[in-house]
Amino acid sequence: GFRHYTVADCEFNSSKLNDIEYTQSYYYNKLEYVRFSSSVGEYVGYTEYGIKNAERWNNGPEVIARRGEKERYCFHNVGIDVEADLTKS
């Protein structure tokens, strides 16, 4: 069968909140077709299907809702992740 899945990720190299990047990638059969990145601020398509979705989502309410995910998802968890990493090192 075919597999469709989404991966949300927070990448940070320091405890500064401005250095955190939130990404959400959409995959179909192991091929990433569209991604939202907080550093870009909009969706970017990588396939023909992804480009069409990115254009539609960037002109709709989806992009506005996704821009708040960095604060909601990453900032909330950065303290937990940093503390867990520091105790293991």
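The model is a predicted one. Its largest nonpolar core has 12 residues, and β3 supplies the largest share of that core, three residues. The structure also holds eight aromatic pairs, and the count of salt bridges comes to four.

**The nonpolar core**

- In soluble globular proteins, nonpolar side chains tend to be buried together.
- Here the largest such core consists of Ile20, Tyr22, Tyr26, Tyr33, Val34, Phe36, Tyr43, Ala54, Trp57, Val63, Cys74 and Val78.
- At least two residues of this core come from each of four elements, namely β2 (21–28), β3 (31–37), α1 (48–58) and α3 (69–88).
- With three residues, β3 provides the largest share of this core.
- Valine 34, a member of the core, has contacts beyond its neighbours within four places in sequence: Gln24, Ser25, Tyr26, Tyr43, Val44, Gly45, Tyr46, Gly50, Ala54 and Trp57.

**Aromatic residues**

- One aromatic cluster is formed by Tyr22, Tyr26, Tyr33, Phe36, Tyr43, Tyr49, Trp57 and Tyr73.
- The structure as a whole has eight aromatic pairs. In the pair of tyrosine 26 and tyrosine 33, the ring centres are 6.4 Å apart and the planes stand at 50 degrees, so this pair is classed as tilted.
- Tyrosine 26 and tyrosine 33 are both buried.
- Tyrosine 26 is located in strand β2; its relative accessible area is 12%, and it therefore counts as buried.
- When neighbours within four places in sequence are set aside, tyrosine 26 is in contact with Tyr5, Thr6, Leu31, Glu32, Tyr33, Val34, Tyr43, Trp57 and Arg66.
- Tyrosine 26 and phenylalanine 36 are 10 residues apart along the chain, and their C-alpha atoms are separated by 8.8 Å.

**Helix α1 and its two sides**

- The buried residues of α1 are Gly50, Asn53, Ala54 and Trp57. Viewed down the axis of α1, they fall within an arc of 105 degrees, so they line one face of the helix.
- These buried residues of α1 pack against β2, β3, β4 (42–45) and α2 (61–67).
- Ala54 and Trp57 also belong to the largest nonpolar core.
- On the face of α1 turned away from the buried side are the exposed residues Glu48, Lys52, Glu55 and Arg56.
- A salt bridge joins the side chains of glutamate 48 and lysine 52, with an N to O distance of 3.8 Å.
- Both glutamate 48 and lysine 52 lie in helix α1, where they are four residues apart, about one turn of the helix.
- Glutamate 48 has a relative accessibility of 60% and therefore counts as exposed. Lysine 52 is likewise exposed, with a relative accessible area of 52%.

**A network of salt bridges**

- Arg66, Glu69 and Arg72 are linked in a network of salt bridges.
- Between arginine 66 and glutamate 69, the closest N and O atoms of the salt bridge are 4.0 Å apart.
- Between glutamate 69 and arginine 72, the side chains meet in a salt bridge of 2.7 Å, N to O.
- Glutamate 69 and arginine 72 are three residues apart in helix α3, which means that about one helical turn separates them.
- Arginine 72 counts as exposed, because its relative accessibility is 53% and the cut-off for exposed is over 50%.

**Serine 25 and its polar contact**

- Serine 25 has its place in strand β2. Its relative accessible area is 6%, and it is therefore buried.
- The side chains of serine 25 and glutamate 32 are joined by a polar contact of 2.8 Å.
- Apart from residues up to four places away in sequence, serine 25 touches Tyr5, Thr6, Val7, Glu32, Val34 and Arg35.
- Among the residues touched by serine 25 is Val34, which is part of the largest nonpolar core.

Note on methods: Residues numbered from 1 in each chain as written. Predicted model: local features only at pLDDT ≥ 70, side-chain atom pairs only at ≥ 80, totals over all residues. Heavy atoms only, no water. Core = buried A, V, L, I, M, F, W, Y, C linked by side-chain atoms within 4.5 Å. Buried < 20%, exposed > 50% of the residue type's maximum accessible area, 1.4 Å probe, protein only. Contact = heavy atoms within 4.5 Å. Polar contact = N/O pair within 3.5 Å; in protein donor to acceptor, adjacent residues only side chain to side chain. Phe/Tyr/Trp six-rings, centres within 6.5 Å; stacked < 30°, edge-to-face > 60°. Arc of directions from axis to C-beta.
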